[in-house]
Amino acid sequence: MKTLLIFLALICLLVSCESTNYAPPPVTSQMAIVGARQHVRQGTNPSDWRIDLVTLRKGRALFASRCIECHTLPAVTQHSAAQWPGLIDEMADRANLKPAERKAVLAYILAARQM
Amino acid sequence: MSQSQSDWKRFPKQDETGPKCRAGVILPGRSWNASVVMGKFVWSILFLSILPAVSCFSGARHFTYVYETTTSAPGSVELENWVTWRRTTDPGRFDQVDFRHEFEFGITDKFQVSIYVADWFYARDQDRSGFTYSDSAVELIYNLSNPVIDPIGLSIYQEFRGGDRLFEWESKLIAQKNFGPLILAYNATLEAVWEGEGLVERSGELQQALGASYEISPRISVGIELLHEFLFPDWRDQEKIRNVFVGPNISYRRSSWFVTATALAQATETEGEPDFQLRTIFGFGF
């Protein structure tokens with residue numbers, strides 16, 4: 001019982017101090033605008049990617065759940081915007097991501113790292 | 001029961017979270033003839049289970065005794081092969097190697113089902129040795145919250161196990177929190193076992209398991225696992241047995257497979273319990 005209490009106290013301490021630093025940024029309406037602008041700059045058609053809040057929220061949820069099946073979650077700023085598409089393509093099969101899910105994850109990451 | 005049969009009964013049987021929850025028994029009449037047949041059978045299973053490794057993908061475990069809250073992606077199928085070696089020296093030296101072949105199916109984003117096709121073991125002491133089939137099981141895990149974006153990740157676990165003169169019910173609460181490269185996990189397990197002729201022999205177990213794993217590179221994690229368990233023979237609190245096991249673990253993953261190993265030493269001095277145990281899980285996905 002003592003071990004349990006110590007462990008729970010440690011968890012509470014760590015959660016209160018650190019958890020927000022490691023969670024991927026929450027989706028905001030500003031993020032959707034930034035994401036759409038980025039696609040315009042890159043010459044891709046935003047209508048093909050549906051850069052809306054629903055897509056970004058889905059992308060964030062998939063990013064936070066599928067990726068941690070194998071490894072801890074990297075920060076969205078850990079890799080460049082040019083590196084992320086290749087990384088996601090490389091791991092999409094392993095994470096069992098369908099094409100639309102793959103796009104949602106990438107849209108979220110690219111938008112979040114601009115914030 | 002003869003003396004030799006009762007000797008077997010003191011040795012542990014495989015459990016996925018604890019080193020010993022009840023006795024493992026080579027049943028009368030099937031100890032040696034059956035072991036030869038079982039030997040061929042289990043080696044065939046082992047060979048077939050390793051074969052798909054060439055072309056498969058999977059998620060990875062950071063622990064071998066502690067469960068994590070994450071569930072498999074919907075539509076995914078994974079095969080995991082478990083090997084657990086235990087050595088007991090008090091009273092008398094005894095070695096047992098447990099094997100498990102588990103298929104894991106992702107059903108939804110939050111729900112997975114696993115089938116333990118066959119749990120079997122090889123046991124050896126000074127007088128004899130042999131293989132024995134133990135049981136098969138179904139495991140269900142439902143994820144309630146995410147360990148990264150929620151304050152704490154939670155999953156609930158239920159397992160039903162059946163074998164020759166054996167039925168087991170196991171419930172578990174799994175908690176996990178990820179702090180960047182650090183994963184902390186906690187399991188609280190309650191288990192009830194009915195075994196023997198007419199399933200009249202009862203026992204229970206209450207267990208806590210703690211794990212910490214640090215990702216030192218995208219492919220390698222190292223950590224520690226701790227098990228704290230109470231065994232209740234015949235569900236009697238007065239006769240409970242307390243065990244504590246602790247030891248390091250390491251996990252290595254590639255694009256098509258992973259392997260995780262944990263070595264645990266007994267921190268208590270409980271007679272008849274393993275002094276040392278080593279568990280390895282090889283995983284492949286389809």
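1. Start with strand 4 of chain B. Ten bridges link this strand to strand 5 (residues 153-163) of chain B, and the two run antiparallel. One facing pair to look up is B:Val138 and B:Phe160, the latter in strand 5 of chain B. Keep in mind that this is a predicted model.

2. Strand 4 of chain B (residues 129-145) also pairs with strand 3 of chain B (residues 111-124). The sense is again antiparallel, with twelve bridges. B:Tyr122 has B:Phe131 of strand 4 as its bridge partner.

3. Now turn to chain A. On the chain B side, 37 residues are in contact, and they meet 25 residues of chain A. The two chains bury about 2,600 Å² between them. Carbon and sulfur atoms account for 64% of that area. Within chain B, the residues that lose the most area to chain A are B:Val148, B:Ile149 and B:Phe179. Together they give 21% of what the chain B side buries.

4. What charged link is there? One salt bridge is counted between chain B and chain A. It pairs A:Arg66 with B:Asp109, and the closest N and O atoms are 2.9 Å apart. Polar contacts between the chains come to eight residue pairs.

5. Which elements of chain B touch chain A with two or more residues? They are strands 6, 7, 8 and 9 of chain B. Strand 7 gives the largest share, four residues. By type, the residues on this side of chain B are 18 nonpolar, 14 polar and five charged.

Key:
Residues numbered from 1 in each chain as written. Chains lettered and ligands numbered in written order. Predicted model: local features only at pLDDT ≥ 70, side-chain atom pairs only at ≥ 80, totals over all residues. Heavy atoms only, no water. Pairing = 2+ DSSP bridges. Contact = heavy atoms within 4.5 Å. Buried area = accessible area lost by both parts, 1.4 Å probe. Salt bridge = Lys/Arg side-chain N within 4 Å of Asp/Glu carboxyl O. Polar contact = N/O pair within 3.5 Å; in protein donor to acceptor, adjacent residues only side chain to side chain. Nonpolar A, V, L, I, M, F, W, Y, C, P; charged D, E, K, R; others polar.
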